[in-house]
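Here is a short report on one protein chain. Please look over the sequence and the model first.

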Amino acid sequence: MEREFSAGGAVVRHREGRWWLAVIEPQSDSRTRARGGKPVMALPKGTLDPGERPEQTAVREVREETGVEADLIAKLGDVRYMYVRSWGNGERVFKVVSFFLLLYLAGEVGDISADMRIEVRHAQWIALDEAPLRLTHRGEREVAERARNYLASHPDLSLRFLPSRSGGI
């Protein structure tokens, strides 16, 4: 069985008295539609580049897939699962995705390159307290809940938000 390692980010910003989370809708095909045909709502994530540490991958993937710059705050944990490749030889793959909490710095959500539009249909902010209900994948819903818990135990992080920066909700 092959193994894959990826990393992703739960990038948050504090605005209007609440926390917001940047999420993506991957481009649709048979692998990226939720049950019932609903679009997938997911956290940005991707494969580690050679020589790249997981936290570097998380920051890069957030920038590439959402259009925003963010600072690393903490590791939220790993999500592990198996899937069967729908391409090539249909091999089973054991995948580990390390997720990190990131704090928004700058940029406009959805401002992504034309090349990235092949992977990402849409990026948006959603209320963090709604994320455990709105994200498609169970592991990512758990990551959003961990982010909520971390932020609740670190209220000073809301003071790091710089309202003069761009990136409206």
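## Helix H1 and its surroundings

This is a predicted model. At 1.5 Å a residue, the 13 residues of H1 should span 18 Å, and the C-alpha atoms at its ends are 18 Å apart, which agrees. Glycine 67 follows H1, and its phi is positive, near 90 degrees.

Which residues of H1 are buried? They are Thr57, Ala58, Arg60, Glu61, Val62, Glu65 and Thr66. These buried residues pack against S1, S2, strand S3 (45-47), S4, S5 and strand S6 (120-127).

Is arginine 60 buried or exposed? Its relative accessibility is 11%, so arginine 60 counts as buried, the cut-off being under 20%. The side chain of arginine 60 makes a polar contact of 2.8 Å with the side chain of glutamate 52. Setting aside neighbours within four places in sequence, arginine 60 is in contact with Thr47, Asp49 and Glu52.

## The chain as a whole

The chain has three helices and six strands. From the N terminus on, their order is β-β-β-α-β-β-β-α-α. Of the 169 residues, 45% count as buried. Take the contacts between residues at least 6 apart in sequence: 70% of them join residues at least 24 apart.

In soluble globular proteins, nonpolar side chains tend to be buried together. In this chain, the largest nonpolar core has 22 residues, and Val12, Leu21, Leu128 and Leu135 touch the most other members.

A second, separate core holds 21 residues, including Ile24, Val68, Ala70 and Trp125.

Back in the largest core, consider valine 12. Beyond its neighbours within four places in sequence, valine 12 is in contact with Trp19, Trp20, Leu21, Leu101, Leu102, Leu103, Tyr104, Trp125, Leu128 and Leu151.

## A pocket

The second largest pocket has a volume of about 240 Å³. Its lining counts 13 residues. Lys38, Pro39, Met41, Arg134 and Thr136 lie nearest its centre. S6 and helix H2 (131-134) are the elements that give two or more residues to the lining of this pocket.

Conventions. Residues are numbered from 1 along each chain as its sequence is written. This is a predicted model: local features need pLDDT of at least 70, side-chain atom pairs count only at pLDDT 80 or more; totals for chains, interfaces and linings use all residues. Side-chain values use heavy atoms; hydrogens and water are left out. Buried means under 20% relative accessible area, exposed over 50%, partly exposed in between (1.4 Å probe, protein chains only). A polar contact is a pair of N or O atoms within 3.5 Å; within protein, one must be able to donate a hydrogen and the other to accept it, and residues adjacent in sequence count only if both atoms are side-chain atoms. Contact means heavy atoms within 4.5 Å. A nonpolar core is a set of buried Ala, Val, Leu, Ile, Met, Phe, Trp, Tyr and Cys residues joined through side-chain atoms within 4.5 Å. Helices (H or I, at least four residues) and strands (E, at least two) are DSSP runs, numbered from the N terminus. The expected span of a helix is 1.5 Å times one less than its number of residues. On a 1 Å grid over the protein atoms alone, a cavity is a set of points where a 1.4 Å probe fits but cannot get out, and a pocket is an open set with protein on both sides within 12 Å along at least five of seven lines; lining residues have an atom within 4 Å of a point. Grid points are joined across faces, edges and corners, and a volume is the space filled by probe spheres set on the points.
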